[in-house]
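The following exercises concern the structure displayed below.

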Amino acid sequence: MSQAQLFDLGYREYDGARHRPALAILTLALFTAKRVLGLGRGARHKVLPAITLAVAFLPALVSVVVSVVTDNLLEEDLISYGEYTFFIGSALVLFAALVAPEALCPDRRSGMLGLYLAGPLDRTRYLAGKALAVFGVMTLITVSPLLFMLLAFVLAGYAPGAGESVELLLEIVASGLATALLYASLSLAVSSFTTRRAAAAVATVLLFTVPVTVARTAIDSADAPNELDLMSFGFVASELSYRIFGETPEEADEPISQLSTELVAGGLLAASVAALFVCWLRYRRIEAFR
Amino acid sequence: MSAVPDSEPAFERVISARDVTKRYGRTVALAGLTADIGPGITGLLGSNGAGKTTFMSIVLGLRTRDAGELTVLGHDPATAGIEIRSRIGYAPEHHDLPAELSASDFVRHLAEMHLLPGRAAMQRANEALWLVGLGEERFRPVGTMSTGQRQRVKLASAIAHDPELVLLDEPTDGLDPLQRTTMLDLIRRIGTEFGLHIVVSSHHLEEVERICDAVVIVEGGVVVRAGAMADVRQGPEGLVVEVDDRVEELAALLREHGLEVVVDGSRLLLGADEGVHDAVRDAVAELGLGLRRLEPRGRTLEDVYMGAGS
């Protein structure tokens, strides 16, 4: 008897398993995350994410290498966990300006948004998938370098005791998630206003640079209250990082440093929620079907 | 109006709309559209701006209707949009697809978005692309494909997840005559061979006439005519006769037998008089003519469309 089997039956009815509709959010998030990182795309799409990630990892790498090569951990000469967010502030802004516009803008420009919404997604679920993707990718830059640093120090024998290491791990995760939330939500809100990636990227950079200038000028020149420094979004994230790790910034006289931890954390959360709400409002009005 | 043959029971109606109204500000897009769309391939026919795309978007639950009742696959899209859309395949009119994605990745991704597991989605995407004739081209980026190929990619993405209902918005837009013929044959095959219910939006009469089992003609946001294609084209009773030569001689001979005859180019249009078939047979034999066509009189969809619009 022949052992031949027919594998290619051609197009036919599908009676296999199907996922629950909610899983479409995760599918969209994974697909978007891969695209913004350039995975499965040409080399030119990988260059910018790779460079930005490399820049973000560089301080951690240098710290580890210096410590291992000199066989000495000189804490005062190395970047601390708390100041890492401040140190890679520019890379964070650039990464956010790269990721969110790439996640949102092409779908509206190419008509993919209509195709997504013609499937088992509504606008809220679509945005949830996109936000999850941008947030997840942002954690690559806010959490991974610090995790790498902690792991390397543990392996090199420079880490504190097990208990302290676990505490440090939790602080790394908390600080990284908070920073990722702020950068992801603000860049998503900006990207919801245009179909052009370049415009969204520039606007994102401006959002992290112009308000801080305005706020600090107003505080320095017009005696505006220190609370105005909550508009300095990058500093809000780095200040919260310092406090999560129980550290004090070198320049502790900055307006943001005068605010209570509750206010800084509340400001970060409020800005994030407000940005996501703006994004949601924008997508309620966007014409997706053409 | 109903595009469902009378013999079809109500539960087999794929789409049922009653007085569906949609306004955009002061513009009335749908002005009480009423139609039943049954199984098989149905043409949604109308000029640009007639309300076809608006109706499709309401069927998908992407726009809300202002008034009226609508059920799609037994559900109201206003309240069960996600449930309905997971069972629908949709190919939009526009050709703007992600340029860098390969056809295979694009179709697979949309199949996954329609809740197929990863491996099944990949297999179905390949099968669908082979079906539409892009098997060899499936790893090419969509951005490098011609309009005809993109139309087929859209068709593949609409059927890959094995939907119950497929909505195709102007699927032959931008195609040359040969590509158009191929696409129409493909749609017909998908509708008949695989049993998918298909609604094709078009403003090309001959396309709808060629592949559809039923038609809904929309103008000014209302249905002006709907029904099974054979019913819609039902015209005055009688015969159409076409001979290879000497049409006027044949007409004169038939008139001598007391028949009403209208000469229409190379065709003769006759009434349903008693004995008309025998009279035609005898007259053709008497004159020694070659008989090219002898069939019951009917109307083309163009006749119906022009009549409905007037």
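**Exercise 1: The nonpolar cores**

Task: Identify the residues with the most contacts inside the largest nonpolar core.

Solution. Step 1. The largest nonpolar core holds 165 residues, and those with the most contacts inside it are A:Val134, A:Met138, A:Ala184 and B:Val107. Here a nonpolar core is a set of buried Ala, Val, Leu, Ile, Met, Phe, Trp, Tyr and Cys residues joined through C-beta atoms within 7 Å. A residue is buried if 20 or more other C-beta atoms lie within 10 Å of its own, exposed if 12 or fewer, and partly exposed in between, with C-beta atoms placed from the backbone.

Step 1. The largest share of this core, 13 residues, is supplied by α4(A). Helices (H or I, at least four residues) and strands (E, at least two) are DSSP runs, numbered from the N terminus.

Step 2. Neighbours within four places in sequence being left aside, A:Met138 is in contact with A:Phe95, A:Ala96, A:Val99, A:Ala180, A:Tyr183 and A:Ala184. Two residues are in contact if their C-beta atoms, placed from the backbone, lie within 7 Å.

Step 3. In soluble globular proteins, nonpolar side chains tend to be buried together.

A note on the source: this is a predicted model, in which local features need pLDDT of at least 70 and side-chain atom pairs count only at pLDDT 80 or more, while totals for chains, interfaces and linings use all residues. Residues are numbered from 1 along each chain as its sequence is written, and chains are lettered from A and ligands numbered from 1 in the order in which they are written.

**Exercise 2: The two chains**

Task: State how many helices and strands chain A has, and describe chain B in the corresponding terms.

Solution. Step 1. Chain A has eleven helices and zero strands. Its C-alpha atoms fill a box of roughly 80 × 55 × 35 Å along the principal axes. Of its 290 residues, 44% are buried.

Step 1. Chain B has eleven helices and 13 strands. Its C-alpha trace spans about 75 × 45 × 35 Å along the principal axes, and 49% of its 310 residues count as buried.

Step 2. Chain B is divided into domain 1 (10–232) and domain 2 (239–299), with bounds that come from an automatic or database domain assignment. The centres of these two domains, taken over C-alpha atoms, are 43 Å apart.

**Exercise 3: Where the chains meet**

Task: Describe the side of chain A that touches chain B by element and by residue class.

Solution. Step 1. In the interface, 31 residues of chain A are in contact with 31 residues of chain B.

Step 1. On the chain A side, α1 (23–36), α4 (89–110) and α5 (112–117) each supply at least two residues.

Step 2. By class, this side of chain A has 17 nonpolar, nine polar and five charged residues. Ala, Val, Leu, Ile, Met, Phe, Trp, Tyr, Cys and Pro count as nonpolar, Asp, Glu, Lys and Arg as charged, and the others, Gly among them, as polar.

**Exercise 4: A four-stranded sheet in chain B**

Task: Determine which strands stand at the edges of the open sheet of four strands, and why one side of each is left without a neighbour.

Solution. Step 1. The strand order is β11-β12-β10-β13 (chain B), with antiparallel pairing. Two strands pair if DSSP finds at least two bridges between them.

Step 1. In chain B, β11 (261–264) and β13 (291–296) are at the edges; each has a single partner strand, so one side of each lacks a neighbour in the sheet.

Step 2. On average, neighbouring strands of this sheet are turned by 20° against each other, direction ignored. Axes are lines fitted to C-alpha atoms, for helices over the stretch in contact, and angles run from 0 to 180 degrees between N-to-C directions.

Step 3. Helix α9 (residues 247–256) of chain B packs on the sheet, touching β10 (239–243), β11 and β12, and its direction makes about 170° with that of β11(B). Helix α10 (residues 276–287) of chain B lies across β10, β12 and β13, running at about 10° to β10(B).

**Exercise 5: Strand β8 of chain B**

Task: Is strand β8 of chain B mostly covered or mostly uncovered?

Solution. Step 1. Strand β8 (residues 214–219) of chain B is mostly covered, as five of its six residues are buried.

Step 1. Four bridges join β8(B) to strand β3 (residues 41–45) of chain B, in parallel. Six bridges join β8(B) to strand β9 (residues 222–228) of chain B, in antiparallel fashion.

Step 2. B:Ala214 is the bridge partner of B:Thr42, and B:Ala228 in β9(B) is the bridge partner of B:Ala214.
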